[in-house]
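I opened the file to look up a few features and kept notes as I went. The sequence and structure come next.

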Amino acid sequence: METSIPSFLLVLWLKSLLNWLVVVVQRHYVIRSFSGFFCISLALIDSLLSFVLTAVFYLEDFNISGWHFTGYNICRLAQITCFIYTMLHWPVFLLVGLDNFWKLSSSSTHTSWKQKLTYCAGVGLLWILAALYVFSEPDGVLLLGDDEKHQCELLSSPQSAQVLVALLLTVTGVILYSYAPLEKLRVHVFPHFGQQSCVVCLRRAMCTFLNTWTSFLVLMIVSQLLQIEMHAHLQLNVIWLCFLNSFSVALALCVHSFTSSSKKNDTITDGFCSWYFCFTYGADEWNYGQQSSDRAQDKTLYNV
């Protein structure tokens with residue numbers, strides 16, 4: 001898609017502002033997970049890219065240490081970063097999911113400095129690998145732009161639509177499984193688990209996710225149906241990453257309800273959805289959404 005460079009810079013600055021707004025508001029949660037550290041890195045890279053491209057655009061023609069910068073370099077740098085952004089949707093989605101599965105399996109709820117260091121190294125390595133892949137791709141050809149008219153050809157990421165379709169299929173399958181009359185299938189597939197507790201888990205997890213993200217999900221679906229063109233810089237943003245993180249948490253809780261066989265209290269907070277699941281396996285029971293005060297009150301009433 002052909003984009004005006006001034007409008008691209010404006011949109012990039014607005015995106016950077018939105019990224020930092022979300023990061024600052026969710027600052028207590030972003031430092032606890034891989035998705036949070038990647039959101040911080042994305043905000044930093046977007047801000048740096050906005051500053052560099054704006055400086056080159058307004059200075060137009062200048063030299064720094066023998067390097068000659070013109071308006072052509074704006075388009076070239078924007079296209080290179082655009083190719084890098086297109087490669088990150090699936091890797092980030094998979095790594096965020098693995099991180100949430102690992103946190104549910106871990107006995108510790110505190111994020112240690114070693115984990116944070118691992119997240120930083122993983123995020124940095126992911127960016128480096130994406131950049132190396134783009135530069136080593138023999139078929140990667142930069143598109144032409146019109147320097148005189150301040151126009152630049154930018155690409156959209158097919159991975160964004162692919163991840164969205166996979167997410168919709170998963171949500172649809174979970175809803176059909178948990179609400180459709182498939183008791184015989186449930187017994188054959190998961191015979192050693194309490195069916196009522198697992199089904200309630202699926203329903204509660206999807207309801208919690210959809211209650212928070214329905215508006216954003218509808219917006220994404222409408223934009224895909226109307227084929228609204230967005231370049232890769234816009235498609236990869238902090239809100240989208242938080243959306244994917246909430247979905248991976250819901251999916252991890254659903255899978256964890258089938259794979260665990262011991263009593264375990266799981267508390268995950270992603271800053272958007274309020275997750276609190278109390279698993280009680282072997283009793284066909286699932287307590288959802290009860291705060292500690294509510295559970296204490298129920299216990300008191302029961303004793304009375």
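In which helix does Leu 77 lie? I found Leu 77 in helix H4, which spans residues 71–86. I note that this is a predicted model.

I looked up the accessible area of Leu 77 and got a relative value of 30%. Leu 77 therefore counts as partly exposed, as the class runs between 20% and 50%. I then listed the nonpolar surface patch that includes Leu 77; its other members are Trp 13, Leu 48, Phe 51 and Val 52. Together the five residues have about 460 Å² of accessible area. Helix H3, residues 34–59, gives the largest share of this patch, with three residues.

Entry on charges. I searched the whole structure for salt bridges and found one. The side chains of Asp 46 and Lys 15 form it, at 2.8 Å from N to O. Asp 46 belongs to helix H3 and Lys 15 to helix H1 (residues 5–25), so the pair ties together parts that are 31 residues apart in sequence. I also checked both partners for burial. Asp 46 has a relative accessible area of 0% and is buried. Lys 15, at 6%, counts as buried too, because the cut-off is under 20%.

Entry on packing. I recorded the angle and the axis distance, since two packed helices are described by these. For helix H5 (residues 89–105) and helix H6 (residues 113–136) I have an angle of about 165 degrees and axes 12 Å apart. That makes H5 roughly antiparallel to H6. I logged the crossing of H5 past H6 as right-handed.

Methods. Residues are numbered from 1 along each chain as its sequence is written. This is a predicted model: local features need pLDDT of at least 70, side-chain atom pairs count only at pLDDT 80 or more; totals for chains, interfaces and linings use all residues. Side-chain values use heavy atoms; hydrogens and water are left out. Patches are made of residues with over 30% relative accessible area and no salt bridge: like charges are joined within 9 Å, nonpolar side chains (Val, Leu, Ile, Met, Phe, Trp, Tyr) within 5 Å. Accessible areas come from the Shrake-Rupley method with a 1.4 Å probe; for residues, only the protein chains shown count as cover. A salt bridge is a side-chain nitrogen of Lys or Arg within 4 Å of a carboxyl oxygen of Asp or Glu. Helices (H or I, at least four residues) and strands (E, at least two) are DSSP runs, numbered from the N terminus. Buried means under 20% relative accessible area, exposed over 50%, partly exposed in between (1.4 Å probe, protein chains only). Axes are lines fitted to C-alpha atoms, for helices over the stretch in contact, and angles run from 0 to 180 degrees between N-to-C directions. Angles under 35 degrees count as roughly parallel, over 145 as roughly antiparallel, 65 to 115 as roughly perpendicular and the rest as oblique. A crossing is left-handed if the near helix is turned anticlockwise from the far one by less than a right angle, and right-handed if clockwise.
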